[in-house]
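Have the structure open as you read.

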Amino acid sequence: MKLVPTIGLEIHVQLQTRTKMFCGCELEFGAEPNTHTCPICLGHPGTLPVTNEQAIEYATRIAVALGCEVAPRSIFHRKNYFYPDLPKGYQISQFDIPFGSNGRLGDVRIHRVHLEEDAAKLTHVGDSGRIHGSGASLVDFNRGGTPLMEIVTEPDIEDPAAAREWLALLRTTLRQLGVSDVNMDEGSLRCDANVSIRPEGSAELGTKTELKNMNSFRYLERGVEAEIARQRGIVEAGGTVEQETLHFDPTSGTLTPLRSKEYAHDYRYFPEPDLVPLAPAAADVEAARAALPELPEQRRDRYAAELGLNPDAARLLAFDAELGTFFESATAAAGAGVEAKAIANWVTGDLVALAREAELEPTATGATPEALAALVGLVAAGSVNRGGAREVLAVLVRDGGEPAAIVERLDLGASDSGELEAIVEQAIADQPDAAAKVKAGEGKAIGAIVGVVMRETRGKADGGDVTRLIRAKLGL
Amino acid sequence: MTDPRLLTVAEGLGEIAAGNMSGDEWFSAYADTPDELGAYLWRPQGDDRGPLPATAGDLAGVPVAVKDIFCIEGLPTTAGSRILEGYVPPYTATAVEALLAAGAGVLGKTNMDEFAMGSSNENSAYGDVRNPWDPVRVPGGSSGGSAAVVAGGLAPCSLGTDTGGSIRQPAALCGVVGMKPTYGSISRSGMIAFASSLDQCGPFTRDVRDAALLLAVLGGRDHRDSTSIGFPAPIALPSREDLSGLRIGVPRELSSDAEGIEAGVREVFDRAVALCESLGAEISEAHLPNARHGISAYYVLAPAEASANLSRYDGVRFGLREEADTLDEMYERTRSAGFGPEVKRRVMLGTYALSSGFYDAYYGSAQRVRTLIARDFAAAFDDFDLLITPTSPTVAFELGARAADPLAMYMSDYCTVPMSLAGIPAISIPAGTAEPDGGGPELPVGLQITGPAFSESLILDAAHAIEGAVGFDHRPKLQGSAS
């Protein structure tokens, strides 16, 4: 029996508004703890929340960008539970009528998007890093009340790599909307996953578990992989998967169940009486739709249609914000006669591969967009061949530098054409058998002649050029 | 000049304008009177003072007492609860700011039922308040202190809050005027929440004209309270001397058909109805078929909201904290020690009503009843300009008489809760006095007048006419003197 996984994601995005969701405190990441607080976000007696208009505007932007229907009227609810990071003892969130629903991004349907406020930041002092067993807990209320958009997908994702790739697409989309700095390290983009497995062909989803704390793309992929393996192990051993919430530990790569007290709440949702309903005007929603910037899927299509990029390169560059930006910078820096397509191939091919070997992000190596553009320019001008250029790029990735200088230092410059012609003629003369076979239509035989030429030029000649030249000399 | 403590707000403003008295003298006359009623939780003493009266503004020089549910920056604010003992808010409620901006000064913070939960003021963590008419009796609640100071010559006017009758019922029991305006007309910012969808601030005064004076200053849209609207038109000073042309309905469900209304109260109410007729009103019976479910719905909705509103008192950031080894234990011990029995009862009721599996049966049903009651009023106001009922089924009862029976206590608000659920304005004015069932001293009886949302000016006008015809002696029972 083949078991297939089903994955759904729940993403929390901090909106980069000037002030908090329900009070006037400014938002600033990394500020001295408890310096951006007021009676409202500290939950003092008698204080009342007032909805941040900018957050509504951002929420509208996100909802339309994700193709959601924006509810003409939605309300806030109180989600009740006691915790020191929740000053009021309830979180203002949305419940039965979310801000937006029924959207789609890429291949994944969006179930709902809703607005809520973030909790404060807790730091547990002690070895466990969690509240149980800690000596003390410190609360920083600066984060408390940050506007959050929760984005919940349908269970449309089929493997961990796809989950990671889709999260990258979402992140790029949000970044291009200008609504969040989507920084997973700083917690402005957070991801939980619901994971289940079922026998292939079965329409019914298996029991799902909820994975928390996968705060990087890599952790998401690893966490989901680990959970699928765990569930497979259980099912293959004849057991059943229990519905539970699991905490991913990035250092050990393991999943541990949260104590039931940490999540088994009856939240006692009820309508927040201190706030009036959200009723975005249809005209505002349309205006937000009209003002959307180019989003990744549109960018992918444009790259393919206008720049002639192959589908994979177009997708990679359009869906990965950093790589896309790198590509755009390199294209802008490139001289005339350098095709964007050539740059795209270098970025998505060799640069990505070399960066992976070096265990670096492709955009964080020594190779700057300008250097890459210059290198592709040298190739286009015939000043260095592909093989040589790849060596140059390896040096750039490792050490940085200026491509022309590296070419010279490593003596990778292509020979001039007169010299090459002479070498080719000599090679044909030295390999009459091979030449005859090529003439007779045995194409593979050309390799022997090319090999000689490459040896003579110490690899500096371009393989394609050499092949063309040999065939020309043979009258083919 | 007469004792300044006998003056109404309007009279005091007149004396100040005429140069016969300064605001400070008026303020001191009250501040220097000993509080024999247990009505104040905080009063200015020496250098420990709150905002003093100013010399400019519509209420320049007016001393006002403020229910301890309103935050005033720098003054201790407890909402009658042990859990807020020692709490000093860092900001001031919008309603209080409005009074201060108009030139009023703060005479003190008044005693109240803990978190406004109660109808006798016996649920205060800081002791009972005595009714100025008879010190063995309750002043009503939850704004018992605010009613008692006005009736007892400890303030010319005060601020209270009304969730299900907490202004109107104590006003009735103390023989003063108390008004709950339309929900949303006065900001709730800085007013400690009991049940957010019902809580509304309003004034206690000795006559109707003063109520209008205060209301005019208090109303307004506040950017700090999304549910505030203000008044669509300025509050007019009442001038009516008769009720001619007004159609006034008497809902039988809240009068003749209501159980538990004392004979003396019925008698005073019937006389008031006859008086309205003699003033030219067209009187007939009205129907509010769902009003009798008001108390049941109220005691689901208000505790439900309260259970969430009171979650912030957790010992983490302010107020009482009982130390313990674990977080959960700290919560339990702090809240067990900090809340009184009635508050605990309502938090448990509300938590239960919102629980998974019970939500629709309790909270959902109660919301539907609330809608039906609002519709009943809307239908009645197709036929009537105003409705009148007794404010309280009884006159002031003795301290301790109902303390052991929460349900009997809840019935105190039988006639006032429906208006709260509908969000409409209502005033209680003294309509006369009566003996309690079983005998006792003559005690004040309140008449409740209600109208559609934002009909405050009409209600005040009618109340003014009735007040004049009733001729109730509104002079306070002065403390610290032989009177």
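Bear in mind that the model is predicted. The phi angle of B:Ala79 is near 55°, which is a positive value in a residue other than glycine. Is B:Ala79 buried or exposed? With 33 other C-beta atoms within 10 Å, B:Ala79 is buried, since 20 or more are needed to count as such.

Another positive phi in a residue other than glycine belongs to B:Phe454, at a value near 65°. You will find B:Phe454 in the loop between strand S11 (443-450) and helix H14 (456-470) of chain B. Here 19 other C-beta atoms lie within 10 Å, so B:Phe454 is partly exposed.

Staying in chain B, look next at the loop between strand S3 (105-110) and helix H4 (144-151), which holds B:Ser142.

Now turn to chain A and its helix H14, residues 432-439, whose buried residues are A:Ala434, A:Ala435 and A:Val438. Why do they lie on the same side of H14(A)? Because they cover an arc of only 100° around the axis. An α-helix has 3.6 residues a turn, so residues three or four places apart point the same way. On the face of H14(A) turned away from the buried side are the exposed residues A:Pro432, A:Asp433 and A:Ala436. Just after this helix, A:Gly441 adopts a positive phi of about 100°.

How values were computed:
Residues are numbered from 1 along each chain as its sequence is written. Chains are lettered from A and ligands numbered from 1 in the order in which they are written. This is a predicted model: local features need pLDDT of at least 70, side-chain atom pairs count only at pLDDT 80 or more; totals for chains, interfaces and linings use all residues. A residue is buried if 20 or more other C-beta atoms lie within 10 Å of its own, exposed if 12 or fewer, and partly exposed in between; C-beta atoms are placed from the backbone. Helices (H or I, at least four residues) and strands (E, at least two) are DSSP runs, numbered from the N terminus. The arc is that of the directions from the helix axis to the C-beta atoms.
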